[in-house]
Amino acid sequence: MSEMRLVVAGAAGRMGRMLVQIIHDTEGAVLAGALEREGSPALGQDAGLLAGVGANGVKISADALAVLAQADGLIDFTSPAATVAYAGLAAQARIVHVIGTTGLAAADIEKIDAASRHAVVVRSGNMSLGVNLLAGLVKKVAQTLGEDYDIEIVEMHHRMKVDAPSGTALLLGEAAAKGRKIDLSERSVRARDGHTGARTAGDIGFATLRGGTVVGDHQVIFAGSGERLELAHRAEDRGIFARGAVKAALWGHGRKPGHYNMADVLGLSDI
């Protein structure tokens with residue numbers, strides 16, 4: 001099989017440059033395009049040089065339509081507005097669209113769902129193997145332990161992260177909610193301040209910490225009477241997300257259109 005031609009959105013950013021590096025090192029994948037927003041100072045620069053892997057002749061462009069027309073897949077860790085726009089273009093080109101963007105609203109996800117009728121969409125709040133295994137464990141534990149065990153999710157990221165809770169925290173919260181057969185949007189507690197009263201049984205609490213250069217720490221706590229079970233994941237290198245995203249793109253190549261997640265990619269859907 002020929003190499004999969006991949007495009008990186010946000011190629012000048014930290015994750016974008018990491019993706020260019022991982023694609024360079026991955027057998028079966030080749031960088032076919034690199035995208036940035038209009039007005040970016042990186043436009044016209046060589047994506048390989050910018051990522052530190054040497055010149056590869058791929059110039060960073062803002063012309064997404066032309067770039068995607070020559071590609072098999074797009075990897076996208078950008079912003080909600082940009083991701084929705086890319087989803088429409090990926091559907092038009094009928095290619096694989098891997099989405100690692102967080103902070104998506106319900107309306108954004110509806111548009112991505114519509115795009116997945118024509119494109120292979122793989123979307124996850126976290127692309128790492130470890131986190132997706134953790135989500136499977138969280139679902140199983142939540143299913144096993146009743147409402148006598150309170151669920152709290154604690155996450156910490158670097159000072160520059162703009163959305164909260166993190167996409168990974170919400171991924172873990174959804175796993176817990178599925179285990180309990182409840183709707184996370186109706187049972188999550190995102191903030192506590194002042195005289196809040198006693199904790200409501202069955203709610204899933206979130207605590208958000210920001211500071212320094214932390215790549216990503218997540219902890220799911222099941223607090224019962226007289227005992228506490230804690231499941232945790234600590235990311236030490238952004239490469240784990242980039243490697244997972246490239247793996248997802250290769251997995252999606254040639255698959256029928258649909259809206260998939262990393263559990264599908266990793267064969268964890270039955271956990």
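Modeller: I start with helix H9, residues 239-252, whose 14 residues should span 20 Å at 1.5 Å a residue, and this agrees with its end C-alpha atoms, which are 20 Å apart; the expected span is 1.5 Å times one less than the number of residues. Helices (H or I, at least four residues) and strands (E, at least two) are DSSP runs, numbered from the N terminus. The model is a predicted one, in which local features need pLDDT of at least 70 and side-chain atom pairs count only at pLDDT 80 or more, while totals for chains, interfaces and linings use all residues. Residues are numbered from 1 along each chain as its sequence is written, and side-chain values use heavy atoms, with hydrogens and water left out.

H9 is mostly covered, since 10 of its 14 residues are buried, where buried means under 20% relative accessible area, exposed over 50% and partly exposed in between, with a 1.4 Å probe and protein chains only. Among these buried residues are Phe241, Val246 and Trp251, together with the glycines Gly239, Gly244 and Gly252. Just after the helix, Gly254 takes a positive phi of about 85°.

The crossing of H1 past H9 is right-handed, a term used if the near helix is turned clockwise from the far one by less than a right angle, and left-handed if anticlockwise. At this contact (heavy atoms within 4.5 Å), Met15, Met18, Leu19, Ile22 and Ile23 of H1 meet H9 residues including Gly239, Phe241, Ala242 and Arg243.

Turning to the strands, seven of them form an open sheet in the order S3-S2-S1-S4-S5-S6-S12, with parallel pairing; two strands pair if DSSP finds at least two bridges between them. Its edge strands, each pairing on one side only, are S3 (60-61) and S12 (258-260). S12 runs parallel to strand S6 (residues 120-123), to which three bridges join it, and Val122 stands opposite Tyr260 in S12. Helix H4 (residues 80-93) packs on this sheet, touching S1 (4-9), S2 (29-35), S4 (73-76) and S5 (96-99), and its direction makes about 165° with that of S5.

In a regular strand the side chains alternate between the two faces of the sheet. For S5, both faces are covered, with Val96 and Val98 buried on one side and His97 and Ile99 buried on the other. Four bridges join S4 to S5 in a parallel run, and Gly73 stands opposite Val96 in S5.

A further sheet is also open, with five strands in the order S8-S9-S7-S10-S11 and mixed pairing, and its edge strands are S8 (188-189) and S11 (228-235).

Definitions and conventions. Axes fitted to C-alpha atoms, helices over the stretch in contact; angles between N-to-C directions.
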